[in-house]
Amino acid sequence: MRLRHPLTAVAGAVLLSVPWVLTFLTGTEFGTTPTVLVSGVSVLGASFLLAWGAETAEKDVPRAFAIAVLAVLAVAPEYAVDALYAWGAGSGGATAEACRGVATGGEGLAAGAAASADTLADACQSANLAVANMTGANRILIGLGWAGIAVLTVYKARQTRDPAVEHRDGLFASVVHLDRDIATELTFLFLATLWAFLVPLGGGIGALDFLVLVGIYVVYIGIIIRGDIETTEEHAGVPAYFQGFPRPVRVPVVLGLFAYSGFLIFTAVEPFAHGLEDIGTAIGVPPFFMIQWIAPLASESPELVVVTVLVYKARSTAGFNALISSKLNQWTLLIGTLVVVYSLALGQYGVLPFDRIQSGEIWITAAQSFFALGILVNFQISMREALALFGLFISQVLIEFTFLRLWQPFAMPADEVKFLMLVTYTVVYLVLGAALLVLRRRQLRELFELAAFAARKAAGQQPVEPDHAD
């Protein structure tokens, strides 16, 4: 049947995007709800196109590199939103000294140059929102993304026969096995996570953070782009159809899918996220909460849709690789480049400032990453571990949304209580992560050995592959 032809699926995904493309090109303005619907449907179509492009590209480039491209495109809106806030902070003159003056009620406002007190206060708020949006996105990616996809993979495995799933007796005992080739991603994520704990100690995000974090990602890309092209995994549907094209045709098709889906995601997710913010504010949700949690959830939606598609195709391994690659690029490029955008807007080099609460947000985000790495160090994640990730994540969000909003009548300031909550969760994550790494110290050593092997191989050496028996 023609309806089952792969191009029918491609046409359907493109049709989902047409209303938004026409809206964007003509400059038509709708109300908030229609904008959310039109842009949201377009993001859905773009997600399918992006997934098909990445799977098709695996025939010509290493899978890890194709997934890294997918990850960057899928989270491009998150970069755009954070860059917007970082630019607002710089253009408004939000330096560390000026923001301290705002926080203390006006002393030191001269540090804000010619900016008015209101403009400076808004700029300092933008600096905090840049960090809040970034930390919220990273925690969503693990707390909802990693955990949710693990649960979905086990649930769907009885239908998809996903070979990555091992069903075990006991309550929530089943596990999802991960590809050992992600040792490189996990190792570089370890390095970025350890550095992230130091970021608040420098008084803001500065040049050293840029050099270290962006440097980590550049070295990572340099390693994976030299990896082997894998031909063992069979594809079906749209990717299989496109992979049957001759290379001179196939490559432009892949680039076209990446370009078009990237355009849709970059242009549609921001109005989608802002529309959700407006709807949330209208029903009484605090704006800061919307920007930290709802907007990042919207901007992460392309990634989550792509990975869900892969799970339904029994390709959970590729799905997890995409999620881990996304976490790595957000935890390196996203943090590191904020200081560049901020300094350009400021007109000179400056350190992007943030307050004490955002220091706590960075620490809890780094600690969550540390705990998640402790889970994945043995290249598997169980249902119990996934539920633990989700439980810790959602409990902190719920406490912040409910309990802290009611704290005003009490003697202790709400900000002080929130900081203590963030520190408490940070300690819990660190204790759990450290315990896992101690118990799995042999697997941790094997992880680093595999990553070192990949690095030496990328450098042109021919090392002996390490043993990695379970």
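How many helices and how many strands does the protein chain have? The protein chain has 17 helices and three strands, where helices (H or I, at least four residues) and strands (E, at least two) are DSSP runs numbered from the N terminus.

This is a predicted model, in which local features need pLDDT of at least 70 and side-chain atom pairs count only at pLDDT 80 or more, whereas totals for chains, interfaces and linings use all residues. Residues are numbered from 1 along each chain as its sequence is written, and side-chain values use heavy atoms, with hydrogens and water left out.

**View 1. The protein chain as a whole.** Of its 470 residues, 53% count as buried, a word that here means under 20% relative accessible area, while exposed means over 50% and partly exposed lies in between (1.4 Å probe, protein chains only). The protein chain exposes about 20,100 Å², of which carbon and sulfur atoms supply 66%; accessible areas come from the Shrake-Rupley method with a 1.4 Å probe, and for residues only the protein chains shown count as cover. Among contacts (heavy atoms within 4.5 Å) between residues at least 6 apart in sequence, 81% join residues at least 24 apart.

View 2. In general, a disulfide is a covalent bond between the sulfur atoms of two cysteines, and here the term is given to a pair of cysteine sulfur atoms within 2.5 Å. The structure holds one disulfide, and it joins Cys 99 to Cys 124 with an S to S distance of 2.1 Å. This pair links distant parts of the chain, with Cys 99 in helix H5 (residues 96-103) and Cys 124 in helix H6 (residues 117-160), 25 residues apart. Because the torsion about the S-S bond of Cys 99 and Cys 124 is about -100 degrees, the disulfide is left-handed. Both Cys 99 and Cys 124 are buried.

**View 3. Helix H16 and its cover.** Helix H16 (residues 414-439) contains Val 417, which counts as buried because its relative accessibility is 11%. The 26 residues of H16 reach 38 Å from the first C-alpha to the last, close to the 38 Å expected at 1.5 Å a residue, the expected span being 1.5 Å times one less than the number of residues. Buried residues of H16 include Phe 419, Met 421, Leu 422 and Tyr 429, and what covers the buried residues of H16 includes H7, helix H11 (287-299), H14, helix H15 (383-402) and H17.

View 4. Not counting residues up to four places away in sequence, Gln 368 touches Asn 138, Arg 139, Ile 142, Gly 143, Phe 393 and Tyr 429.

**View 5. Helix H17 and the residue that follows.** Helix H17 (residues 441-458) has 18 residues and reaches 26 Å from its first C-alpha to its last, close to the 26 Å expected at 1.5 Å a residue. Among the buried residues of H17 are Leu 444, Leu 447, Leu 450 and Phe 453, and the cover over the buried residues of H17 includes helix H7 (183-196), helix H8 (207-224) and H16. Just after H17, Gly 460 takes a positive phi of about 95 degrees.
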